[in-house]
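Hi there,

Here is the structure I promised to pass on to you. Have a look at it first, and then read my notes below.

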Amino acid sequence: MFHSLISFLRCGFLPRALGIGLVGLALSLEGAAPPANDTCAGAVVVPAAGPFPYFTPIIDISLATTNGDPFLPDSCQGNTNVSHSVWFRFTPAVSALYTLSLGPDTATDFGDGNNDTVLAIYSGAGGCAGPFNLLLCDDDTAGAAFPLLTALSTNLVGGTPYYIVAWVGQVSSAGSQGQPLNLQLRVTKPAVPANDNCAGAEIISAGGPFPYLTAVTDATVATDATNELGSACAGSRGIWYKFTPTTPGTYIFSTETDSATTVSDTAMAIFSGSCGALTEIVCIDDVGMRLRAVLTNTIPAGVSRYILVWDLESKPIPGETSVQLRITVAGPPTVATLSASNITSITTTGAVLTMSINANGYSSRYFFEWGPTTSYGSMTLNRALATGLTVPVLKSDTIANFTPGVTYHYRAVGSNSQGKIFGVDRVFVAATNAPALVGPAMLPNGNFRFQFAGNAGQLYGILASSDFIDWLDLGNASDLGGGAFEFIR
């Protein structure tokens with residue numbers, strides 16, 4: 001039996017909590033079954049010759065078991081600490097180095113971020129009847145940036161069948177509450193990339209359109225010869241690009257999270273000249289506290305620049321070897337005003353204002369204007385963004401001392417040396433009392449549902465508690481329009 005007290009502690013800036021008991025809402029899993037590859041007999045087959053990279057289907061393993069699993073040593077959590085396993089079979093066509101990944105280069109879903117994957121590869125001449133010989137296993141070595149993700153690289157013999165088992169070593173709240181827990185295996189056969197040297201540099205489109213994304217390159221076996229350039233930022237496994245813009249301007253080159261780069265620690269340099277006679281203009285290792293590289297450079301029309309991206313890890317980290325460069329034109333920040341939310345406590349009315357802002361490569365600042373009219377009259381603190389950001393980030397600030405029942409206007413503001421940008425005007429109404437629930441009920445599938453009336457266009461967050469002390473965030477209610485809202489769990 002599931003017993004929960006639902007409180008609108010975060011709903012529409014309410015001055016007090018409203019509790020209601022919902023009893024007997026057990027989650028029904030009747031008719032559900034483990035995935036087809038829950039055991040060796042149903043193993044998903046990876047094609048012998050790819051094409052690589054090869055992505056398996058995405059599999060929900062929330063109901064998977066560990067029935068029939070082979071031995072797993074304690075160094076990889078052991079069979080007593082893992083659960084929810086699925087199987088794959090791979091008989092490579094040729095002997096080569098292969099990488100098997102459940103890491104950030106896959107669609108593996110880690111729910112609330114706490115699922116811990118484990119991966120092992122076995123040989124077995126007897127097929128699913130065994131015995132299985134453990135060749136290699138991995139637990140949490142996919143890199144510092146993704147400490148709970150898993151991948152491994154090893155040399156495999158052509159024509160030999162291999163069995164791959166993927167586990168979840170720690171099930172997050174998502175998996176434990178019956179939500180999908182998706183897993184995907186990526187298999188690659190790393191090769192020296194075409195743009196491993198200056199002469200083979202990937203050509204960036206001269207006219208964009210921007211933002212422009214290069215191809216995704218696997219740097220696993222790229223060479224280290226680029227260190228001879230003597231750059232202060234030089235690392236291992238360099239990847240080359242060439243850019244000759246048709247329009248003069250200031251351009252931003254990024255391996256941040258706005259790209260498909262999975263290398264956890266990159267460095268970057270920009271050169272003028274030509275292959276064999278290059279002069280470094282600028283290089284960078286880390287951007288602020290982040291390990292990804294971002295560079296800004298002003299380039300005349302028709303003038304070529306060579307961009308070199310390095311992996312700074314001493315050895316390639318399986319599952320974190322992809323490099324992609326994103327090129328944008330520098331400019332004023334991009335700002336979006338988002339919905340207001342939250343009261344700050346049961347007894348205090350306070351609205352949390354949120355924006356999405358992209359600094360577009362320049363040192364930028366942000367704040368909110370707010371007040372009872374579109375003249376606003378009040379503003380939050382003017383705060384600085386981290387230098388060099390080229391991806392949108394969410395920023396919030398809390399305001400208080402407003403009158404319940406009054407409509408307030410607010411907008412986001414961002415500025416840098418290229419200009420000041422204003423987000424659209426939005427409004428919220430501070431509620432004067434708690435909303436009334438309408439028709440709370442248990443649904444046939446075991447979920448529960450209720451509706452309530454609120455302020456149109458606002459976010460209503462739902463919290464659950466059994467003691468009014470510890471609270472679980474269940475997510476936001478759905479806006480049905482016209483001030484009507486619904487929540488289903």
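These notes go through the disulfides, a sheet and a pocket.

Please keep in mind that this is a predicted model. It holds four disulfides, and counting the bonded cysteines along the chain gives the pattern 1-3, 2-4, 5-7, 6-8.

Let's start with Cys-40 and Cys-128, whose sulfur atoms sit 2.1 Å apart. This pair links distant parts of the chain, 88 residues apart. Is Cys-40 buried or exposed? Cys-40 is buried because its relative accessibility is 8%, under the 20% cut-off. Cys-128, at 38%, counts as partly exposed.

Next, Cys-76 is joined to Cys-137, with 2.2 Å from S to S. Cys-76 is buried at 3% relative accessibility, and Cys-137 is buried at 18%.

Another disulfide joins Cys-233 to Cys-283. The torsion about its S-S bond is about 65°, so this link is right-handed.

Now for the sheet. Five strands form an open sheet in the order S14-S17-S22-S19-S20, with mixed pairing. Its edge strands are S14 and S20, each pairing on one side only. S14 and S17 run parallel and are joined by three bridges; Ile-203 stands opposite Lys-242 in S17.

Finally, the second largest pocket has a volume of about 180 Å³. Its lining has five nonpolar, three polar and three charged residues, among them Phe-52, Arg-186 and Asp-218.

Enjoy exploring!

Technical notes. Residues numbered from 1 in each chain as written. Predicted model: local features only at pLDDT ≥ 70, side-chain atom pairs only at ≥ 80, totals over all residues. Heavy atoms only, no water. 1 Å grid on protein atoms, 1.4 Å probe; cavity = no way out; pocket = protein on both sides within 12 Å on 5 of 7 lines; lining within 4 Å. Points joined across faces, edges and corners; volume = space filled by probe spheres on them. Nonpolar A, V, L, I, M, F, W, Y, C, P; charged D, E, K, R; others polar. Pairing = 2+ DSSP bridges. Helix = DSSP H or I, 4+ residues; strand = E, 2+ residues; numbered from the N terminus. Disulfide = S-S within 2.5 Å. Buried < 20%, exposed > 50% of the residue type's maximum accessible area, 1.4 Å probe, protein only.
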